[in-house]
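User: Hi! I'd like to go through this model and learn what stands behind the words used for it. Could you take me through them?

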Amino acid sequence: MAHKHASAQIQFDASLQTLRDHRHRVTEPRKAILEILTREHGPFTAEELHGRMKKGVCDLVTVYRCLATMEEIALVRRCDFGDGSYRYEFNTGEHHHHHIICRVCHGVQTLDFCVADSLERMARQIGYANVTHTLEIFGVCSQCQRKKVLAAAHAESEED
């Protein structure tokens, strides 16, 4: 599902201002990462971001450092899909959302709604503070299901 949010240029400009507001320098690697994330949203691994950057902008370690800084000031959100790799997406601040991840092709779709918001409200009502949650859904996408059916049909026809 596509996000409906402010233009990439507006988000990019605002994110550079957020860096300045938090007394962080606006460096070429940070600008490159923010340009990718505001244009494409993500989520991307640090390696994927590095691969999307123009050659020679920075090394992979710098990408990790930039992402850590941006996560601290809530410019990016870290996603954990349970596969050992963190992914990062631009934090639009407009709405909270979740993802559904295909177990076969590892494709990611955004789900633009949250069923856990009421649980967070309940946790606050009983006295908890700084309440957050993560929820990612896993399944097999329709394309991978079709491929499996076609492969099974092909194997069956070869047996005949």
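Analyst: Happy to! Let's start with a definition: a residue is buried under 20% relative accessible area, exposed over 50% and partly exposed in between, with a 1.4 Å probe and protein chains only. Please keep in mind that this is a predicted model, where local features need pLDDT of at least 70 and side-chain atom pairs count only at pLDDT 80 or more, while totals for chains, interfaces and linings use all residues. Residues are numbered from 1 along each chain as its sequence is written, and side-chain values use heavy atoms, with hydrogens and water left out.

User: What makes Arg 23 exposed?

Analyst: Arg 23 has a relative accessible area of 77%, so it counts as exposed. This residue sits in the loop between helix 1 and helix 2. Helices (H or I, at least four residues) and strands (E, at least two) are DSSP runs, numbered from the N terminus.

User: Thr 27 is in that loop too. Is Thr 27 buried or exposed, and how do you know?

Analyst: The relative accessibility of Thr 27 is 17%, so this residue counts as buried.

User: Why are helix 2 and helix 4 called roughly perpendicular?

Analyst: Helix 2 (residues 28-40) and helix 4 (residues 60-72) pack at about 70°, with axes 10 Å apart. Axes are lines fitted to C-alpha atoms, for helices over the stretch in contact, and angles run from 0 to 180 degrees between N-to-C directions. Angles under 35 degrees count as roughly parallel, over 145 as roughly antiparallel, 65 to 115 as roughly perpendicular and the rest as oblique. The two helices are therefore roughly perpendicular.

User: Which residues of helix 2 and helix 4 meet?

Analyst: Contact means heavy atoms within 4.5 Å. From helix 2 come Pro 29, Arg 30, Ile 33 and Leu 34, which meet Thr 62, Val 63, Cys 66, Leu 67, Thr 69 and Met 70 of helix 4. Seven of the contact residues are nonpolar, two polar and one charged. Here Ala, Val, Leu, Ile, Met, Phe, Trp, Tyr, Cys and Pro count as nonpolar, Asp, Glu, Lys and Arg as charged, and the others, Gly among them, as polar.

User: Which residues of the largest nonpolar core touch the most other members?

Analyst: Such a core is a set of buried Ala, Val, Leu, Ile, Met, Phe, Trp, Tyr and Cys residues joined through side-chain atoms within 4.5 Å. The largest one has 22 residues, and Ile 33, Leu 34, Leu 49 and Val 63 touch the most other members. Helix 2 gives the largest share, five residues.

User: How do you know that strand 3 and strand 4 pair?

Analyst: Two strands pair if DSSP finds at least two bridges between them. Strand 3 (residues 98-102) and strand 4 (residues 108-111) have four bridges, in the antiparallel sense.

User: What makes strand 4 and strand 5 edge strands?

Analyst: The open sheet of three strands has the order 4-3-5, with mixed pairing. Strand 4 and strand 5 (136-139) each have a single partner strand, so one side of each is left without a neighbour in the sheet.
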